[in-house]
Amino acid sequence: MDFDRLDIVCLRARRGEKWTTYPEDVLPAWVADMDFPLAEPLQRYLDELRQTQDLGYPVNPTPAALPTVFAKRMQDRFGWSVDPERVEVLTDVVQGLYAALWTLSDPDQAALVQTPVYPPFLSCVREVGRPRRTNPLVRGERGYEIDFDALRAEVGADTRTLLLCNPQNPTGRAFTRAELARLGELAVDRNLLILADEIHGDLVFPGSEHVPIASLDPEVAERTITFTSASKAFNIAGLRCAVAHFGSEALQSRFNSLPRHLRGGLGSLGLAANAIAWSECQPWLDEVLSVLDRNRRRVDEFVRERLPGVRMTPPEATYLAWLDCRELELEREPYEFFLSEARVALSPGPSFGQGGRGFVRLNFATGEALLNEILERMAGALGG
Ligand SMILES: Cc1ncc(COP(=O)(O)O)c(C=O)c1O
């Protein structure tokens, strides 16, 4: 498949938010969708659907296939043994975070987030109405790292949950086994529940690895709920389907105290597509990862050579570059500057919480020509 031959007219015809939010002259490099064609098994499934017109009620509430496919994939990819019985299928990962915080913590129990972070982590704690504790990530050798002393100090007697984003959006860190083990130890020591969003786990570049935190040891596993979906790596977010793995039956049954109809139903397309993606589309993902790896190098090189005053550490995972624009000393947030002066839509740093001001997040999951155009426009806006 040629991932660089993208037709801008076809992309503009897409009805998703990436390509419809901004006017036609703006190039979108914001929301985490990719511009690439779908994997062939998914395309075949959609073609078959035209024939079968199989759009009746899916098997619900316990679709048999997806938890088993998920368990096999976790074993094959990450050596993590998952019991399919401990898996629930959800509409999306963010729904799972909200539902878990709602059902598994009391209103006076605080939730801890590590910033900068994917904005729904912040809205989740705010909207579910839990006190928030913040543990800012700090600059270190690998880009951003966990400040364990600050973390220990921030966990009070009232702190119940840790919302972990691994791999981390927007910094692109794939936390190491050692980092995760320290985090797990602290969670055991302070009796924390870990809500681990691992949706970017399949998007890790050579030199790094994805370690599911629940795979570390049984003590960590039994206090962890892991959320993921094929949506991010296989570019099917519009189909709305995700899974949650519970480290214990007790956590699972408390989560399931939320009535099923409040949680919402499952779509047959999402269920089928997640299963197909996880079981048949790895060759496509391998190709995509090599294109993304090339793009991440391109962005890094371009930033160093052509965007003076902008800094980045190449991400270890995700197709997102977290650009530090503070040295540009712009009069407005760089998101606004690049939107108006470059006609490029990035994600605004401040929406990622503390540590986001003066930053933007750039989505580089597109073809070579479009990526070059995005970068050239940004350089042009800075007079380069
Ligand atoms: C870290 C992270 N979690 C969750 C999501 C969204 O997942 P879902 O659409 O399943 O809620 C994203 C999307 O970009 C993400 O980056």
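Which residues does proline 119 touch, not counting residues up to four places away in sequence? Let's work towards that through the whole chain, keeping in mind that this is a predicted model.

Start with the overall picture. The chain's secondary structure comes to 16 helices and 14 strands. Its radius of gyration is 21 Å, close to the 21 Å that the globule rule gives for 384 residues, so the chain is as compact as a globular protein of that length. Buried residues make up 47% of the 384 in the chain. Among contacts with a separation of 6 or more, 73% are between residues 24 or more positions apart.

To return to the opening question, proline 119 touches Ser351 and Phe352. Proline 350 is 231 residues away from proline 119 in sequence, yet their C-alpha atoms are 9.2 Å apart in space.

Next, look at strand β2, residues 87–90. In a regular strand the side chains alternate between the two faces of the sheet. Here Val87 and Val89 point one way, Glu88 and Leu90 point the other way, and all of them are buried. Strand β2 pairs with β10 (residues 242–246) in the antiparallel sense, over four bridges. Within β10, alanine 242 is the bridge partner of leucine 90.

Now to the ligand. Of the 15 residues around it, Ala32, Asp92, Val93, Val94 and Asn169 come nearest. Helices α5 (93–104) and α10 (231–234) each supply at least two residues of this shell. Sorted by class, the shell has eight nonpolar, four polar and three charged residues.

Finally, follow helix α14, residues 282–306. At 1.5 Å a residue, its 25 residues should span 36 Å, and the end C-alpha atoms are 35 Å apart, which agrees. The buried residues of α14 include Trp284, Leu292, Asn295, Arg296 and Phe302. What do the buried residues of α14 pack against? Their partners are α3 (40–52), β11 (320–324), β14 (359–363) and α16 (368–381).

Notes. Residues are numbered from 1 along each chain as its sequence is written. This is a predicted model: local features need pLDDT of at least 70, side-chain atom pairs count only at pLDDT 80 or more; totals for chains, interfaces and linings use all residues. A residue is buried if 20 or more other C-beta atoms lie within 10 Å of its own, exposed if 12 or fewer, and partly exposed in between; C-beta atoms are placed from the backbone. Two strands pair if DSSP finds at least two bridges between them. A residue is near a molecule or strand if its C-beta atom, placed from the backbone, lies within 6 Å of it. Ala, Val, Leu, Ile, Met, Phe, Trp, Tyr, Cys and Pro count as nonpolar, Asp, Glu, Lys and Arg as charged, and the others, Gly among them, as polar. Two residues are in contact if their C-beta atoms, placed from the backbone, lie within 7 Å. The radius of gyration is taken over C-alpha atoms; the globule rule is 2.2 Å times the number of residues to the power 0.38. The expected span of a helix is 1.5 Å times one less than its number of residues.
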